[in-house]
Amino acid sequence: MTTVTPESVIAALRSRGWTLGVAESLTGGAVCAALVAVPGASAVLLGGVVAYATPVKHSVLGVDAELLAIHGPVHAEVARQMADGVRRAVAVDGRAADVGVSTTGIAGPTSPDGQPVGTVHLGIVTPRGSRVERFVFAGDRASVRAESVTMLLRMLSEVLGEYGAVAEG
């Protein structure tokens with residue numbers, strides 16, 4: 001399997017002329033930190049939102065309040081709505097980010113809602129659709145968070161690769 005790096009993700013976004021917004025919960029800014037470590041990331045990364053508290057997922061990212069009340073913050077549709085909402089949250093001059101990504105899950109050491117510790121939902125929304133995947137990562141809090149960042153970058157690289165080398169429009 002090819003190693004995906006933050007550099008390769010930034011390069012893929014840049015080659016399409018697409019911008020990115022990042023919404024994070026359990027990763028607490030680690031996705032943005034990995035991306036901003038890349039020189040030139042500012043050409044594509046518009047910004048990020050750490051929506052750690054459940055109400056912030058609604059108030060800042062626009063996640064449906066009823067969805068949060070019924071299912072809680074660790075849910076596939078929450079991840080999709082976070083990824084979509086961050087696109088608008090980081091808009092520049094009224095133009096939303098082309099791509100939004102999100103992380104939500106339970107890093108541990110305990111679970112507030114009975115789902116297994118390590119349950120993570122990662123979301124991606126692009127101009128061409130959305131993708132959400134559920135994982136249950138093993139390990140301690142730090143390893144669950146680190147694996148979430150790695151897997152999100154891998155998913156984003158795969159999604160961008162499916163679109164070919166040039167942005168439409």
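## A buried threonine

Threonine 27 is buried, with a relative accessible area of 0%. The cut-off for buried is under 20%, so threonine 27 qualifies. The model is a predicted one. Threonine 27 sits in a loop, between strand S1 (20–24) and helix H2 (30–36).

Its side chain makes a polar contact with the side chain of glutamate 24, at 2.6 Å. Leaving aside residues up to four places away in sequence, threonine 27 touches Thr103, Arg145, Ser148 and Val149.

S1 and S2 pair in the parallel sense, over 5 bridges. Valine 22 has glycine 48 in S2 as its bridge partner.

H6 has 22 residues, which should span 32 Å at 1.5 Å a residue.

An α-helix has 3.6 residues a turn, so residues three or four places apart point the same way.

In soluble globular proteins, nonpolar side chains tend to be buried together. Here the largest nonpolar core has 32 residues. Leu20 and Leu35 have the most contacts inside it. Helix H1 (6–16), S1, H2, strand S3 (99–105), strand S4 (119–126) and helix H6 (141–162) each supply at least two residues of this core. H6 gives the largest share, 9 residues.

Leucine 20 touches residues from several parts of the chain. Beyond four places away in sequence, its contacts include Leu13, Leu35, Val44, Leu46, Val99, Val101 and Leu156. Ala97 is another contact of leucine 20. A second, separate core has 12 residues, among them Ala23, Val78, Val86 and Ala97.

## Helix H5

H5 covers residues 76–89. At 1.5 Å a residue, its 14 residues should span 20 Å. The end C-alpha atoms are 20 Å apart, which agrees.

The buried residues of H5 are Val78, Ala79, Gln81, Met82, Ala83, Gly85, Val86 and Arg87. Val78 and Val86 also belong to the second core.

## Backbone exceptions

Most residues other than glycine have a negative phi, and most peptide bonds are trans.

Glycine 108 and proline 109 are joined by a cis peptide bond, with omega at about 15 degrees. Proline 109 is found in the loop between S3 and S4. Aspartate 93 is not a glycine, yet has a positive phi of about 50 degrees. Aspartate 93 lies in the loop between H5 and S3. Aspartate 93 is exposed, with a relative accessible area of 81%.

How values were computed
Residues numbered from 1 in each chain as written. Predicted model: local features only at pLDDT ≥ 70, side-chain atom pairs only at ≥ 80, totals over all residues. Heavy atoms only, no water. Helix = DSSP H or I, 4+ residues; strand = E, 2+ residues; numbered from the N terminus. Expected span 1.5 Å × (residues − 1). Buried < 20%, exposed > 50% of the residue type's maximum accessible area, 1.4 Å probe, protein only. Polar contact = N/O pair within 3.5 Å; in protein donor to acceptor, adjacent residues only side chain to side chain. Contact = heavy atoms within 4.5 Å. Core = buried A, V, L, I, M, F, W, Y, C linked by side-chain atoms within 4.5 Å. Pairing = 2+ DSSP bridges.
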